[in-house]
Structures are given as structure tokens and as C-alpha cells.
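Biologist: I would like to learn how to read side-chain features in a model. Could you take me through one?

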Amino acid sequence: MTSEELEFAIFCIENMAIRHNLNKKELYDFLKNKSDILDNYIIPGYEFLHTQDKDYILDDIEEVMRAKGANFDTFSRI
């Protein structure tokens with residue numbers, strides 16, 4: 001993973017957590033361990049995704065999360 005991809009992953013996690021008022025560690029665990037979205041979607045999609053605006057990126061990741069079984073009501077709120 002490059003430093004740019006790492007920065008992008010952090011951007012995605014922080015902004016998704018802010019959008020849904022979620023615990024960042026719990027969100028990271030879902031993206032990394034429970035669904036593998038981080039390693040199989042966000043990082044590989046960096047070249048395309050990082051050229052889009054924030055709302056597009058978050059909407060897209062949210063759609064993938066829901067397809068992988070994410071229910072935002074089950075995450076802890078901050």
C-alpha cells in the first residue's frame with residue numbers, strides 16, 4: 001500500500017464515520033476484517049475513487065458496505 005492509498009483509506013474511514021456518526025474503530029474492523037472491503041475494494045479502487053468528489057466516494061462505499069451486510073444501526077455511535 002502506498003502512502004497515498006493509506007491517506008485515502010483514512011479519509012474514507014473518517015468521513016464515513018462522520019457521515020453516520022459511527023465509532024471509527026468499529027467501522028475499520030468491518031471494512032478490514034468482517035467484509036474485506038478495505039483490501040478488496042477501497043485500496044484497489046484508489047486510482048478511480050480518489051478522483052471523485054467526497055459524496056460520490058462515500059455513497060459508493062456505503063453501497064458496497066450494504067451489499068456486504070452492513071447495517072448502520074448495529075454500529076456504535078460516537
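Modeller: Start with one residue. Lysine 32 has a relative accessible area of 27%, so this residue is partly exposed. Keep in mind that this is a predicted model.

Biologist: Which side chain does lysine 32 meet in a salt bridge?

Modeller: First the general idea. Side chains of opposite charge can pair when their charged atoms come close. Here, lysine 32 meets aspartate 39, at 2.6 Å from N to O. Aspartate 39 is partly exposed too, with a relative accessible area of 31%.

Biologist: How many salt bridges does the structure hold?

Modeller: There are seven. One of them joins the side chains of arginine 19 and glutamate 62, at 3.2 Å from N to O. This pair links distant parts of the chain. Arginine 19 sits in helix H1 and glutamate 62 in helix H5, 43 residues apart.

Biologist: Is glutamate 62 buried or exposed?

Modeller: Buried means under 20%. Glutamate 62 has 14% relative accessibility, so glutamate 62 counts as buried. Arginine 19 has 31%, so arginine 19 counts as partly exposed.

Biologist: What about aspartate 73 and arginine 77?

Modeller: Their side chains form a salt bridge as well, at 3.7 Å from N to O. Aspartate 73 is exposed, at 65% relative accessible area. Arginine 77 is partly exposed, at 41%. Salt bridges can also share partners: Arg19, Asp55, Asp59, Glu62 and Arg66 are joined that way into one network.

Biologist: Now the rings. How many aromatic pairs are there?

Modeller: A pair of aromatic rings is described by the distance of the centres and the angle of the planes. A search of the whole structure gives five pairs. In one, phenylalanine 8 and tyrosine 46 lie 5.5 Å apart, centre to centre, with 70 degrees between the planes. That pair is edge-to-face. Phenylalanine 8 is in helix H1 and tyrosine 46 in helix H4, 38 residues apart. Both residues are buried.

Biologist: Why is the pair of phenylalanine 48 and tyrosine 56 edge-to-face?

Modeller: Planes over 60 degrees apart count as edge-to-face. The planes of phenylalanine 48 and tyrosine 56 are at 80 degrees, so their pair qualifies; the ring centres are 6.1 Å apart.

Biologist: Last, the nonpolar core. Which residues touch the most other members?

Modeller: The largest core has 24 residues, and Leu27, Leu31, Ile42, Met65 and Phe75 touch the most other members. Helices H1, H2, H3, H4 and H5 each supply at least two residues. H1 gives the largest share, six residues.

Note on methods: Residues numbered from 1 in each chain as written. Heavy atoms only, no water. Core = buried A, V, L, I, M, F, W, Y, C linked by side-chain atoms within 4.5 Å. Buried < 20%, exposed > 50% of the residue type's maximum accessible area, 1.4 Å probe, protein only. Helix = DSSP H or I, 4+ residues; strand = E, 2+ residues; numbered from the N terminus. Phe/Tyr/Trp six-rings, centres within 6.5 Å; stacked < 30°, edge-to-face > 60°. Salt bridge = Lys/Arg side-chain N within 4 Å of Asp/Glu carboxyl O.
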